[in-house]
Amino acid sequence: MAGTTVSVGVLAVSATIATGLALAGFASATSVRAAGAADAAALAAADTASGLVSGIACERAADIAAEVGATLGDCQVDGLIATVEVSLAFGPLFASARARAGPPPAGP
């Protein structure tokens with residue numbers, strides 16, 4: 001009887017740890033997807049601002065973010081530099097990421 005109780009306890013702890021690790025892995029993957037979406041959206045906005053792609057920069061960024069299921073939260077274009085923030089749902093929570101794209105700063 002004592003062995004059965006210990007076995008059930010070990011199984012419950014193992015299942016709890018496995019579930020926690022799986023959720024942490026999914027959250028990490030969602031965070032990486034959000035960062036990738038932010039990078040792609042910022043590059044698209046910067047390309048549009050520079051004239052390489054036709055359209056409106058922030059609308060293009062929103063379209064690119066939507067391709068991976070992300071939502072564009074903030075988009076600012078200053079000259080040729082685009083800064084965006086996207087969010088991606090993870091159950092009831094959200095992963096968000098910011099990215100900036102544009103030409104490199106002028107050298108010395």
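Which residue just after α2 takes a positive phi? In this predicted model, local features require pLDDT of at least 70 and side-chain atom pairs pLDDT 80 or more, whereas totals for chains, interfaces and linings use all residues. Residues are numbered from 1 along each chain as its sequence is written, and side-chain values use heavy atoms, without hydrogens or water. The residue in question is Gly69, with a phi of about 85 degrees. Helices (H or I, at least four residues) and strands (E, at least two) are DSSP runs numbered from the N terminus.

Helix α2 spans residues 57-67, and its buried residues (under 20% relative accessible area, 1.4 Å probe, protein chains only; exposed is over 50%, partly exposed in between) are Ala57, Ala61 and Ala65. Viewed down the axis of α2, these residues fall within an arc of 70 degrees, so they line one face of the helix; the arc is that of the directions from the helix axis to the C-beta atoms. The exposed residues Glu59 and Glu67 lie on the face turned away from the buried side. The buried residues of α2 pack (heavy atoms within 4.5 Å) against α1 (2-50), β1 (71-78) and β2 (81-90).

Beyond four places in sequence, the contacts of Val84 include Ala61, Leu72 and Ala97.

Strands β1 and β2 pair (at least two DSSP bridges) in the antiparallel sense over seven bridges.
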